[in-house]
Amino acid sequence: MNEHNIDRRQFLGRSLVFSAGAVLLGSAVGCTTASSNSNTTKSNTANGQSVPTGSAIVVGEFLQGFGEDIMLSLTPPDKTYWDTIFDYPVGLSVEGRYVPALATSWEVSKDHLTWAFEVREGVLFHNGDTMTAGDMAFTFNRAMFNPRSQDSLISYKAFTDSIKADGNKLLIKTKVPVAEVPVWMAQSDGSDGGTVLSEKYFNKLGATAASRSPVGTGAYKFVSANGEQSLQLTAFLDPNRNDWQKARTPHIKDITIIAPQQESTKVALLKTGGADISPILSEDIATLQNTQTRVVSTPAATYAGMYYLGVTLNPKSPFNDVRVREALSIAIDRASLARVVYNGKAVPSAAFYGGPHSLGYPSDLAPPPFNPSRAKQLLAAANFGKSGTLQIVTYDNDGDFPGLPNLGEAIAGMYDNVGLKASVRVLDGTTMFQDIYGGTFPGMAHNSAVEPPTLFLRGFDNIVDMIPDTVTGYTNTGRFGKALYNSAEMQQRLEAAEAEFDQDKQNAMLAGFDRWMAANWYQVPLLAADAVFGVSSKIKSWQPIISQPQPSNLWTLTL
Amino acid sequence: VIRYMGGRLLQAVANILFVATLIFVLERATGDPTETLLPAYAPPSEIAQVKRNLGLNKSELSQYVTYLNNLLHLNFGNSFTTGQPVTQVLAQHFIPTLSLCVFAFGVSVVIGIPLGVLAALHQRSIVDTTSRGIALFGQSMPPFYMSIVLVLIFGVTLRWLPVAGRGGLDSYIMPSVALAAPAIAGLVRLTRSSMLDALDSDFVRMAYAKGLPRGVIVVKHALRNASIPLITYAGLVLAGFLGGAVAIESIFNWQGIGQMTLDAVQSRDFPVLQGAVILVAACFIAVNLFVDLLYVIVDPRIKIVK
């Protein structure tokens with residue numbers, strides 16, 4: 001064996017150089033980002049238009065994936081910045097209703113196969129180009145038919161025959177009658193599919209560069225991004241923009257969007273002036289008392305309800321007994337849950353896939369009553385729960401509904417009061433949904449054992465219209481090919497509503513569905529929660545959109 | 001030296017290959033990522049298109065061969081969720097993490113080692129008790145909780161430091177201290193015990209007998225001889241920082257590798273997860289190699305043997 005002594009001095013020298021280099025590199029990296037992170041507000045002029053001034057820092061949901069070609073990306077953008085930079089053919093009013101935006105109107109042909117969207121004239125992109133029906137056709141064709149597209153719009157490819165511009169109109173031809181085409185083009189929670197990109201800009205810069213420096217028609221235009229730390233936006237003040245755009249001229253000149261993930265960080269930022277608007281949890285309201293930060297809430301942003309797993313699917317399920325279903329619903333004191341668990345920032349709901357403010361909400365239908373003594377009687381009559389436990393499965397995603405595990409525990413406590421032992425299992429959301437639609441929870445499969453009887457507590461957007469996931473839980477049309485129910489009437493009612501082109505009639509059908517569900521106690525409607533925001537004293541007024549859980553309508557902010 | 005380095009590099013490549021294979025297999029064991037990536041109502045045609053786009057329509061073996069081939073060319077593929085090249089994603093997130101780790105490592109060493117030395121020199125004195133108290137505090141306080149406490153005191157109440165975000169040097173202080181606290185505790189205890197052993201040795205007594213100044217004895221003789229376990233521990237600390245700052249990054253909105261890895265796990269973004277795991281493994285291997293080489297410099301009795 002040969003043995004070699006290292007020249008220690010030589011090696012020491014090299015090591016020192018290496019170490020110093022590493023430390024310097026680390027420091028340089030830190031300092032470089034530090035300097036690039038500083039944002040300053042400059043004075044502004046706007047060619048005779050109203051002159052926005054000042055700046056505000058807004059907390060969005062996330063900034064991951066910013067600058068990527070959104071149509072080829074599976075991550076939807078954070079709506080806080082996306083809906084501020086871009087517009088949709090169909091927008092949302094402050095009340096959360098679909099209203100004309102980049103399209104002034106839309107109509108469907110008599111055969112219900114061709115939708116025509118009248119494109120608003122004179123709308124400017126942030127680079128000065130005029131938005132046309134051609135831009136809409138380019139955007140939606142790319143999103144739907146590009147083989148590399150991963151946009152949400154490819155869900156509709158199978159129904160779509162063609163998308164093209166015809167003068168000032170966008171024509172969408174479908175293979176079968178589809179009532180929800182305007183919803184594809186609409187600003188709604190979680191969707192980016194309908195935003196309109198500039199064809200000329202994309203072709204000139206290429207998709208990569210155009211995505212990193214996005215150009216839309218919104219009230220604010222993109223200035224810069226500091227990695228995933230922050231985005232800088234500034235008011236769009238081109239004097240040639242059209243009147244519709246001028247009507248949405250911001251009052252605040254510069255907006256910085258950041259996306260901290262921890263709730264405690266958001267609260268700390270609000271308290272110290274590090275943020276001017278941030279979504280917060282209702283449980284954090286108390287911590288903002290006696291500070292300069294006020295709380296603004298918009299109703300019905302998210303909705304929570306419970307499903308009886310196995311009902312109508314498995315003949316052995318105890319949930320097939322309507323007495324059990326009624327008892328498990330009326331054992332819950334919804335008003336107390338809203339008051340105590342959500343600090344009054346929630347209301348009891350009577351409907352099964354949305355709360356008050358959702359389209360089709362049956363205003364004449366009262367939430368299930370709280371009647372623990374009747375619940376006890378019903379359970380005794382049904383001989384349910386004398387042995388073993390009831391299981392509530394849920395997950396932790398404040399975006400779907402805040403504090404679902406806490407809500408589950410509170411419900412378990414109420415079940416305890418009527419003599420039922422209930423446990424709460426908090427699972428990873430992805431795994432849980434796979435198991436739910438895979439039918440692997442106890443009692444879901446036909447004729448399987450049902451111990452423990454399981455309730456599935458979930459939250460979702462308090463949707464404002466019929467979209468495909470409305471029916472997924474109830475019918476076999478989802479990609480799992482399995483529903484949480486096996487009810488021909490349920491499926492028929494929802495599919496009929498989905499196929500209805502008249503909005504009023506569709507709403508009436510949805511309300512009818514809710515009444516029918518309530519009469520049969522097929523589900524446990526719970527609460528519709530507000531979106532709660534902390535707003536600094538610097539912000540004088542703001543009109544966020546009802547039902548949007550993220551900060552919206554930033555152009556309405558005033559200092 | 002070249003042969004030694006060559007051997008270690010080959011060993012490193014084998015280790016990385018093993019880690020890369022392991023993460024590939026474990027990821028696939030979690031199931032089909034399109035189930036997470038797509039909504040429940042996505043039609044089969046959409047699922048097929050997305051699988052094609054992501055290369056998930058091929059067999060696992062074919063995916064593995066492509067993966068290894070790309071890895072050889074330092075190509076980690078594109079993120080499933082954003083489409084961004086993984087190398088770009090890693091670079092974007094590694095820089096904040098690296099800068100935080102270097103800073104926190106500096107804090108650990110600058111505080112931990114002197115405190116440990118002082119504790120050893122003044123055994124059973126107030127200095128020793130205080131040092132051990134600091135160590136106990138650092139080890140028993142979870143970094144997540146310490147971060148929140150630091151934010152409340154120095155960010156919200158005193159308003160001395162920014163509560164979140166990566167900006168100037170002041171934004172590094174709280175996350176670095178929170179990240180470094182357990183490491184400081186470890187360094188204090190290890191330095192103290194190693195120094196006590198060294199101070200009790202014959203060569204130190206000899207140095208005193210020779211009349212050498214105390215500072216020289218402590219630094220040049222005792223500390224140097226006590227530093228082998230410290231170097232080992234410090235190496236592990238640095239490598240651990242690189243992969244283990246998830247909670248700190250989340251609280252301080254740091255957008256580093258930890259937060260990125262957590263997001264990748266939740267969204268089943270296989271390429272990003274693979275890239276992150278391989279990067280952290282490579283960091284561990286590099287730091288360990290550096291530590292091994294450092295032994296030779298610090299302790300002349302250690303030789304590189306071929």
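**View 1. An aromatic cluster in chain A.** A:Tyr307, A:Phe456, A:Tyr485, A:Phe513, A:Trp516 and A:Tyr522 make up one aromatic cluster. Rings of Phe, Tyr and Trp (its six-membered ring) pair if their centres lie within 6.5 Å. The model is predicted, so local features need pLDDT of at least 70, side-chain atom pairs count only at pLDDT 80 or more, and totals for chains, interfaces and linings use all residues. Side-chain values use heavy atoms, without hydrogens and water.

View 2. A:Tyr303 and A:Phe460 form a tilted one, 5.2 Å centre to centre with 50° between the planes. Planes under 30 degrees apart count as stacked, over 60 as edge-to-face and the rest as tilted. A:Tyr303 lies in strand β13 (residues 294-308) and A:Phe460 in strand β17 (residues 454-461) of chain A, so the pair ties together parts that are 157 residues apart in sequence. Strands are DSSP runs (E, at least two residues), numbered from the N terminus. Both A:Tyr303 and A:Phe460 are buried (under 20% relative accessible area, 1.4 Å probe, protein chains only).

**View 3. A tilted pair in chain B.** The ring centres of B:Phe154 and B:Trp160 are 6.0 Å apart and their planes stand at 40°, so this pair is tilted. B:Phe154 is partly exposed, at 26% relative accessibility. B:Trp160 is exposed, at 58%.

**View 4. Arginines over ring faces.** A:Arg248 sits over the face of A:Trp244, 4.0 Å from the ring centre. In chain B, B:Arg28 covers the face of B:Phe24 at 3.9 Å from the ring centre. The rule requires NZ of Lys or CZ of Arg within 6 Å of the ring centre and within 35 degrees of the ring normal.

Note on methods
Residues are numbered from 1 along each chain as its sequence is written. Chains are lettered from A and ligands numbered from 1 in the order in which they are written. Helices (H or I, at least four residues) and strands (E, at least two) are DSSP runs, numbered from the N terminus. Buried means under 20% relative accessible area, exposed over 50%, partly exposed in between (1.4 Å probe, protein chains only).
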